[in-house]
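Please read the following paragraphs with the coordinates open beside them.

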Amino acid sequence: MRILLIEDDLNIGNGILQALPNGGLQVAWVRTLAHADAALAKDEFVSIVLDLGLPDGDGLQWLVFQREKGMHLPVLVLSARDSLNQRLLGLEYGADDYLIKPFALSELLARLHAMLRRSTGFKTGVLVCRGLSVNPSSFSASMNGVSLSLSRTEFQLLCALLYRVGRVVTRSQLEDLALVGSESNSLDMHMSNLRKKLGSTYIRTVRGVGYVIDETLRDAIE
Amino acid sequence: MQSNKEKGLSSRILRAILWPREMFNSSLVGRIVFGQFTLIGILIGAILLKVFLAEPDDVYTFGGIQRMQMWLHSASYLADQPTLLRSQLEGIDKFLRHDNESGDREDERITLTLHKRGELIYASPGRPGAMTPGPTGKIIQRSQAGGNWFVLTQVDNSTGLSLTLSRRKGMLHSLASWQGVKQLLFFLLCVLLLLLFPSWLAVRWGLRPVRELGEQLSRRNSSELQELRLARRYREIRPVEAAVNSWLSRMRASQRRELDFIANAAHELRTPLTAILINAEALSRMELSGSISGLLYNLLQSSQRANRVAEQMLTALRNDASADNTPLQFVNLHRLIEAQMADLSLQADAHGVHLNLHVDNAVWIKGNFYMLESMAANLIGNAIKYTSKRGQILVSLSQDDTNILFEVEDEGPGIPVESREIVFERFKRLSGDDSLGSGLGLAISKSAIVAHGGRIQLDSSPRLGGLRVKVWLPKETSMAP
């Protein structure tokens with residue numbers, strides 16, 4: 001799996017170049033948009049990590065241009081700009097995720113993996129995590145090969161959590177997604193049903209805040 | 001408060017009466033009223049002086065030339081009947097000496113002298129006695145009988161009679177009497193006193209734009225540097241307005257430069273800081289000897305802390321900037337805190353800390369989204385930072401009719417009572433605090449809370465034993481627009 005890293009800072013580029021292969025990813029590193037164009041034309045990549053302030057142009061404009069040309073690779077934007085407007089722009093302009101400098105390497109790796117998993121899920125149509133596999137288009141789900149029977153709401157809630165593995169999805173977001181117009185405690189009811197079917201440790205609760213499916217099972221601390 | 005103010009005003013008036021100079025030196029209204037009254041006083045004084053010192057140098061001093069000619073004419077009819085002539089002149093004398101209420105006064109009376117071809121026919125009794133005729137129709141002065149006299153003579157050529165009128169030269173002769181002068185003075189004094197209040201009102205009214213200018217300026221807080229806009233631009237105020245505006249624009253420019261500089265500096269720090277972090281982290285993933293990985297750990301810690309300071313500086317700057325030019329919006333505080341806690345749950349997981357949120361209902365506030373977000377992120381982030389592994393953090397949000405109460409409780413070491421004020425100062429760290437905080441978090445939170453008209457209080461959590469942060473926010477904030 002090759003990733004195209006577009007970053008003009010020597011030290012950041014070198015650091016990522018050294019570290020990512022340890023995480024199971026190959027990196028092609030370019031320092032200008034012109035070289036990025038050349039690399040995209042020549043090689044196959046699974047995703048792009050894009051810095052915004054580049055010597056030969058603005059990364060966002062380049063991204064918009066690439067999207068118009070039909071480039072569909074998932075793009076993670078790195079930015080030293082931090083205002084919320086620009087965050088939104090990053091997503092509006094076709095970025096799939098963003099990281100604001102300074103960021104930790106582990107954060108970059110986690111975001112990259114999550115992004116790749118999502119894009120793989122979209123490609124194959126199946127979301128897979130910790131023995132669970134879910135096919136959103138056929139409304140089918142199975143745990144360790146055993147098929148699960150889920151209600152429509154439960155299925156929607158599960159998909160919402162799986163799309164954002166490793167990150168807490170807030171109660172408000174889940175209610176907006178799956179329970180429009182329902183009472184707040186009905187979310188608890190649906191989640192409790194879902195957990196019964198998945199096993200109590202599969203979905204972790206952050207009390208009052210939301211729910212999360214961790215990539216790997218955490219030690220139960222409670 | 002009101003009675004205090006009145007007391008202040010009355011004591012000021014009393015002081016002003018007892019010791020007026022103080023008022024002239026402390027009040028512009030006082031100065032102008034004083035100036036006005038000095039002017040009126042000088043005017044009245046000048047009029048009085050003119051009246052007192054005026055010399056009867058025209059014929060009206062003697063009651064007019066026509067009256068005199070009439071007397072001379074009637075005297076010339078009786079020129080050959082001395083007895084009748086005499087009694088008629090005595091009659092005139094009598095009229096002259098008793099035509100005013102104060103009676104006959106030497107200072108004021110007019111004295112008659114009648115000559116026929118140089119021969120004295122009649123002279124009024126008393127001083128100055130017979131007066132030698134002067135040039136015809138012209139007032140002259142003459143000393144006689146121990147006084148100075150004005151003298152006017154008219155001659156009837158056909159009979160050779162010459163009538164000479166004289167009047168004492170001296171003060172007050174134009175006025176009816178000294179008593180009249182006293183009455184006039186009293187009247188003028190009353191007018192002066194009655195004028196004092198309307199004049200004070202008028203001057204105060206006239207100076208109101210100055211007061212309004214001051215009020216406009218004093219209502220501003222230190223970050224409001226936009227131009228002054230006065231409803232009416234009076235010619236006298238314009239230079240002040242222009243000077244203040246030019247000063248404000250210089251302040252704005254320098255503030256902008258300062259903000260740009262700090263923002264650029266923090267921005268420029270981010271790229272190298274990222275490089276340090278990434279390389280140190282990449283290194284820490286390799287197999288290293290114990291001492292090297294220890295050193296690397298220190299390096300990572302310090303660079304994380306430097307990152308945090310740069311981030312917080314940017315947050316503080318962004319809050320300052322958005323406080324001035326972001327319109328207030330209705331913010332769902334419940335969602336905001338929920339989203340912040342979801343973001344922070346990564347950090348909480350890394351610390352092994354459990355987050356709990358309790359909210360009764362949807363809580364809305366009218367305010368500045370970014371500031372509220374930075375407040376929640378900082379307060380909850382602090383709680384995570386200071387709570388040890390397997391600890392709990394309780395966040396709750398409740399409201400009554402007017403206020404919203406936001407509480408964050410943790411299981412950390414808390415803050416000693418004596419330090420609960422100074423922790424809000426920028427870059428203040430308590431001794432023994434080895435966390436990676438920037439020292440700006442609480443200052444940022446407090447400034448966001450204060451900007452919303454709320455307050456923050458630190459005490460200890462009765463449930464968890466650590467710190468409890470209580471934040472009250474009014475639902476309808478009175479934030480500066």
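Two residues are said to be in contact here when they have heavy atoms within 4.5 Å of each other. What is B:Ser345 in contact with, leaving aside its neighbours within four places in sequence? The residues in question are A:Val168 and B:Leu355. B:Ser345 lies in helix H10 of chain B, residues 333-351, where helices (H or I, at least four residues) and strands (E, at least two) are DSSP runs numbered from the N terminus. With a relative accessible area of 4%, B:Ser345 is buried; buried means under 20% relative accessible area, exposed over 50%, and partly exposed in between, with a 1.4 Å probe and protein chains only.

The model is a predicted one, in which local features need pLDDT of at least 70 and side-chain atom pairs count only at pLDDT 80 or more, whereas totals for chains, interfaces and linings use all residues. Residues are numbered from 1 along each chain as its sequence is written, chains are lettered from A and ligands numbered from 1 in the order in which they are written, and side-chain values use heavy atoms, with hydrogens and water left out. The predictor gives the complex an ipTM of 0.77 and a pTM of 0.61. Chain B averages a pLDDT of 81, and 85% of its residues score at least 70; pLDDT is the predictor's confidence in each residue, from 0 to 100.

The secondary structure of chain B comes to 12 helices and 12 strands, and of its 481 residues 39% count as buried. Among the contacts in chain B between residues at least 6 apart in sequence, 62% join residues at least 24 apart.

Within chain B, strand S10 (residues 403-410) is mostly covered, since 7 of its 8 residues are buried. Two strands pair if DSSP finds at least two bridges between them, and S10(B) has antiparallel bridges both to strand S9 (residues 392-399), where there are 7, and to strand S12 (residues 467-474), where there are also 7. A hairpin joins S9(B) to S10(B) through 3 residues. In the loop between helix H11 (369-386) and S9 of chain B lies B:Arg390, which has a positive phi of about 70 degrees although it is not a glycine. At 57% relative accessibility, B:Arg390 counts as exposed.

In chain A, strands S8 and S9 run antiparallel and are joined by 3 bridges, with A:Leu127 opposite A:Val134 in S9(A). These two strands form a hairpin with 2 residues between them, and A:Arg130 in the turn has a positive phi of about 50 degrees. S9(A) also pairs with S10(A) in the antiparallel sense, over 4 bridges, and here A:Val134 stands opposite A:Ala141. The hairpin of S9(A) and S10(A) has 4 residues between the strands, and in it A:Phe139 takes a positive phi near 55 degrees. A:Phe139 counts as partly exposed, at 46% relative accessibility.

Another backbone feature of chain A is the cis peptide bond that joins A:Lys101 and A:Pro102, with omega about -5 degrees. A:Pro102 is found in the loop between strand S7 (97-100) and H5 of chain A.

Elsewhere in chain A, 3 strands form an open antiparallel sheet in the order S12-S14-S13. Strand S12 (169-170) and strand S13 (204-206) each have a single partner strand and stand at the edges, so one side of each is left without a neighbour in the sheet. S12(A) is joined to strand S14 (residues 210-212) by 2 bridges, and A:Val169 has A:Tyr211 in S14(A) as its bridge partner.

How many cavities of 30 Å³ or more does a search of the whole structure find? The search finds 2. On a 1 Å grid over the protein atoms alone, a cavity is a set of points where a 1.4 Å probe fits but cannot get out, and lining residues have an atom within 4 Å of a point. The second largest cavity has a volume of about 60 Å³, a volume being the space filled by probe spheres set on the points, which are joined across faces, edges and corners. Its lining includes A:Arg117, A:Arg118, A:Leu127 and A:Tyr163. Helix H5 (105-124), strand S8 (127-129) and helix H6 (152-163) of chain A are the elements that give two or more residues to this lining.

Technical notes: 1 Å grid on protein atoms, 1.4 Å probe; cavity = no way out; pocket = protein on both sides within 12 Å on 5 of 7 lines; lining within 4 Å.
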